[in-house]
Amino acid sequence: MSEKNQNEPGGSPRTLHDGRDDGFTPLKPLDPAETESCDALLEAMASTAFAGRGLGEAASIVHDMTVDEDCRVVLTVSGAMTVAKMGLVMVRMIERGMVDAIVSTGALMAHGLTEAIGAVHYRRPEGVSDEELFAKGYNRVYDTLEMESNLNDVERVVHAALESLPKGETFSSEQLCRAIGKVLSERDEGPGVLRAAYEHDVPVYVPAFTDSEIGLDVATWAVRAGPEAGDGDELDPFARTPAFNPFGDLVSFCQWARAAPRLGIFTIGGGVPRNWSQQVGPYVDLLNHRLGLSLGSPRYRYAVRICPEPVHWGGLSGCTYSEGVSWGKFVPPAEGGRFAEVHADATLAWPLLVRGVIERLDRHDTD
C-alpha cells in the first residue's frame with residue numbers, strides 16, 4: 001500500500017508514503033512494566049506523544065545543558081511553587097549543579113522562607129470561609145494556607161539581613177537575597193532555596209521586587225530605620241523610600257549572562273521572571289545599536305518551559321520560543337537551538353523531570 005496510487009475525491013492522484021522511507025522518527029508504546037526508574041520512564045515518554053513526549057524531550061535537554069561545562073543555566077520560576085511545596089525541588093537542582101542563577105517572583109521567595117525557618121504550610125480545611133480564615137490569621141493560596149505569624153517570623157530574618165548590608169549604600173534584590181541566604185545558613189533551621197543558593201554561590205534575582213512580602217518588609221524596615229519625627233511633627237511613612245536599586249540586578253544579570261559561552265533557561269510558568277531573564281539579549285543589542293558598541297549579545301541555546309497555559313491566554317507572557325527567536329533572545333534551531341515546551345501543571349511534571357535527570361546524571365557520573 002505504501003507506493004500504490006490512490007484517487008482522491010477530486011480525481012487527483014497521490015502517492016502514499018511510509019514514514020520509514022521518509023526518515024521519520026517512529027513512536028513506541030510506553031510499557032510501564034519495563035520502566036524501572038524515573039529516568040527510564042522519561043526516556044520512554046520521549047517516544048510517545050502530547051505532553052508526555054514534551055516532558056521526555058525536556059529531560060534530555062535539561063540533562064545536556066547541565067553536563068555542558070560551558071553552559072550557564074538560569075531557572076525562572078513564577079506561581080505559588082514554594083507554597084505548593086516545590087521548594088526542595090529547587091534546592092536539589094541547586095545542589096546537583098542544574099542551576100547557576102535563579103530569577104523568581106518575590107512572593108515565591110518569601111513563602112519559601114517559611115520552610116527555611118522551620119515553619120509549615122497547611123492544607124485548607126473544608127467548610128471554612130475566607131472571612132473566617134482572615135479573622136484567624138490564615139492567608140489562603142488556592143488549597144493551601146500560609147499563616148500570618150509565619151510571615152512575621154520571616155520579617156525578622158529579612159530585618160537581620162537588611163541590617164547586615166553596608167549602611168548608606170543602595171542595594172539590589174540579588175544582594176539582599178544573598179544576605180538573607182547567609183542569615184539562613186548561619187541559623188541552620190532548615191533547608192531552603194535562598195540558603196542553598198547562598199551556600200552554592202547561585203545568584204537570585206527578583207525583578208518585580210516590590211510585589212512581594214519581602215518587598216513590603218523592606219519598605220517597613222525603611223520607615224522604622226528613618227529619623228524620628230520632631231516635636232509636633234507627624235510621622236509620614238510614605239516619605240521614606242528604601243535605598244533599593246533594581247538596575248543593579250539588570251547590570252549584574254547581564255554580566256553573568258555575557259560571561260557564559262552558552263546559556264540555558266529552565267522556566268516554570270511565565271510572568272516577569274521569564275521575560276526579564278530573556279530580555280538580556282535584546283538589551284545588549286540596544287546598547288550596541290544606540291551607543292555604537294560591539295558587545296557580544298547573549299542568546300539562549302537550550303530552553304525548557306513547564307506551563308499549562310497555551311500562548312493565547314497570556315500565561316506564557318505572550319511569547320513562544322520560536323517567537324523569542326525573532327527578538328534575538330534564542331539561538332535559532334537551525335543554528336543549534338534546542339527547545340522543549342511541556343504543557344502541564346508544574347507540580348506534576350517538575351518533580352518527575354528533576355528526579356529523572358538526577359538519575360541520569362548519576363548514571364553519567366559512573367559511565
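Let's start inside: the largest nonpolar core has 70 residues, and L75, L176, F266 and W350 touch the most other members. This is a predicted model, where local features need pLDDT of at least 70, side-chain atom pairs count only at pLDDT 80 or more, and totals for chains, interfaces and linings use all residues. Residues are numbered from 1 along each chain as its sequence is written, and side-chain values use heavy atoms, leaving out hydrogens and water.

**The cores**

- Helix α14 (residues 346-366) brings the largest share of that core, 8 residues; helices here are DSSP runs of H or I, at least four residues, numbered from the N terminus.
- A nonpolar core is a set of buried Ala, Val, Leu, Ile, Met, Phe, Trp, Tyr and Cys residues joined through side-chain atoms within 4.5 Å, and buried means under 20% relative accessible area with a 1.4 Å probe, protein chains only.
- Skipping neighbours within four places in sequence, F266 is in contact (heavy atoms within 4.5 Å) with residues including L75, M93, I306 and W350.

**The pockets**

- A pocket is an open set of points on a 1 Å grid over the protein atoms alone, where a 1.4 Å probe fits, with protein on both sides within 12 Å along at least five of seven lines; lining residues have an atom within 4 Å of a point.
- The largest pocket is lined by 19 residues, with A80, M81, A84, D345 and T347 nearest its centre.
- The second largest pocket has residues such as S164, F171 and Y198 in its lining, and helix α7 (residues 173-187) gives the most to that lining, 4 residues.

Key:
Buried means under 20% relative accessible area, exposed over 50%, partly exposed in between (1.4 Å probe, protein chains only). Helices (H or I, at least four residues) and strands (E, at least two) are DSSP runs, numbered from the N terminus.
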